[in-house]
Amino acid sequence: MDDARSHDHVALNRAAWDIMSAEYAEPGRRAWASDEAWWGIWHVPDSDLQLLPDVKGLDTIELGCGTAYVSAWLARRGARPVGIDNSPKQLATARELQREHGIAFPLLLGNAETVPLPDASFDLAISEYGAALWCDPYKWIPEASRLLRPSGLLIFYTNGTILTLCEKDDEDVPVQAELHRPYFGLHRTEWSDNNTVEFHLGYGDWIRLLRASGFDVENLVEVRPPLGATTRYPYVDISWARRWPSEEAWIARKR
Ligand SMILES: C[S@@+](CC[C@H](N)C(=O)[O-])C[C@H]1O[C@@H](n2cnc3c(N)ncnc32)[C@H](O)[C@@H]1O
């Protein structure tokens, strides 16, 4: 991949997220208003998935924080969060919600692949569909490792690999039980409808990258939403998601 192409995803995704941010303001407002933490497109409660550790007193960074509701939940649980996001519009919503809720923490505008903060500044790095999906893993995973202190925890939550393999180019049509993409070579995925670039890896590549970046993998949670769960996203329905993992959460600890 030439150097220009390897960097253009940051500019393309910023332009796209500045447009898509309008659709994320109200969901962000509802998430800020919730005391309960939940995950992903099905809003599976953390009490079911148990991804969050006790964060009281921890320095945390949310990589691709969007409207920053995950960091708001961490703040309410006693953490000292920092959020970074690539979209000025998403951060504008996050700042408005900080004011509405009287919860303040630093929000940085920038690329989560190159965070302008010192090494070993955080105990927890977290991403729910932020860097986890929109940044190049060969850049943001080593960057998360750099930012974490020894024994620091990385939690990231993104599309399930099997879902990605079943996706066609049209995100408005729910996936079926058919493979449409090769597994080998998974990395950069371009979407022509909204001009965005996502990143996915196969399981072996994730494990090798995490280990090479100084992490031990502690868990891979393949998310099965409860019966009756709903989502506002059209690309998957509950009958599919009850049979195959539409989402996955990785938990890794820095050595
Ligand atoms: C789906 S939101 C994730 C935030 C929140 N958890 C949510 O689900 O709404 C994706 C966010 O990733 C951000 N993002 C995309 N590329 C990024 C990059 N290179 N660095 C930091 N943030 C990025 C986007 O601006 C967007 O706010």
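Me: Where is the place of Gly83?
Reply: Gly83 is in strand β4, which covers residues 80-85. Keep in mind that this is a predicted model.

Me: Why is Gly83 called buried?
Reply: Its relative accessible area is 0%. Buried means under 20%. So Gly83 counts as buried.

Me: How far apart are the C-alpha atoms of Gly83 and Leu109?
Reply: They are separated by 8.7 Å. Along the chain, the two residues are 26 residues apart.

Me: Now the ligand. How many residues surround the ligand, and which are the closest?
Reply: There are 18 residues around the ligand. The closest are Tyr69, Asp85, Gln90, Ala112 and Glu128. By class, this shell has eight nonpolar, eight polar and two charged residues.

Me: Which residues of α4 are buried?
Reply: They are Gln90, Leu91, Thr93, Ala94, Leu97 and Gln98.

Me: What follows α4?
Reply: Gly102 follows α4. Its phi is positive, near 65 degrees.

Me: Which residues of helix α8 are buried?
Reply: In α8, residues 203-212, the buried ones are Trp206, Leu209 and Leu210.

Me: Why are the buried residues of α8 said to line one face of the helix?
Reply: Seen down the axis of α8, they fall within an arc of 100 degrees, so they line one face. The face turned away from the buried side of α8 carries the exposed residues Arg208 and Ala212.

Me: Why does Ser127 count as buried?
Reply: Ser127 is in strand β6, residues 122-128. Its relative accessibility is 0%. That is under 20%, so Ser127 is buried. The side chain of Ser127 reaches the backbone oxygen of Leu63 at 3.2 Å.

Me: Is Leu124 buried or exposed?
Reply: Leu124 is also in strand β6. It is buried, with a relative accessible area of 0%. The C-alpha atoms of Leu124 and Ala31 are separated by 21 Å.

Me: What makes Tyr129 count as buried?
Reply: Tyr129 lies in the loop between β6 and α5. Its relative accessibility is 16%. The cut-off is under 20%, so Tyr129 counts as buried. Tyr129 has a positive phi of about 60 degrees although it is not a glycine.

Me: Why is Asn195 called partly exposed?
Reply: Its relative accessible area is 47%. Buried is under 20% and exposed is over 50%. The value of 47% falls in between, so Asn195 is partly exposed. Asn195 lies in the loop between β8 and β9. Its phi is near 60 degrees, a positive value in a residue other than glycine.

Me: How do you know that Asn13 is buried?
Reply: Asn13 has a relative accessible area of 3%. That is under 20%, so Asn13 is buried. The place of Asn13 is in helix α1, residues 3-33. Asn13 and Val197 are 184 residues apart in sequence and 6.5 Å apart in space, C-alpha to C-alpha.

Me: Which residue caps the N-terminal end of α6?
Reply: Asp136 does. A side-chain oxygen of Asp136 lies 2.9 Å from the backbone nitrogen of Tyr138. Buried residues of α6 include Trp140, Ile141 and Leu147.

Technical notes: Residues are numbered from 1 along each chain as its sequence is written. This is a predicted model: local features need pLDDT of at least 70, side-chain atom pairs count only at pLDDT 80 or more; totals for chains, interfaces and linings use all residues. Side-chain values use heavy atoms; hydrogens and water are left out. A residue is near a molecule or strand if one of its heavy atoms lies within 4 Å of it. Ala, Val, Leu, Ile, Met, Phe, Trp, Tyr, Cys and Pro count as nonpolar, Asp, Glu, Lys and Arg as charged, and the others, Gly among them, as polar. Buried means under 20% relative accessible area, exposed over 50%, partly exposed in between (1.4 Å probe, protein chains only). Helices (H or I, at least four residues) and strands (E, at least two) are DSSP runs, numbered from the N terminus. A polar contact is a pair of N or O atoms within 3.5 Å; within protein, one must be able to donate a hydrogen and the other to accept it, and residues adjacent in sequence count only if both atoms are side-chain atoms. The arc is that of the directions from the helix axis to the C-beta atoms.
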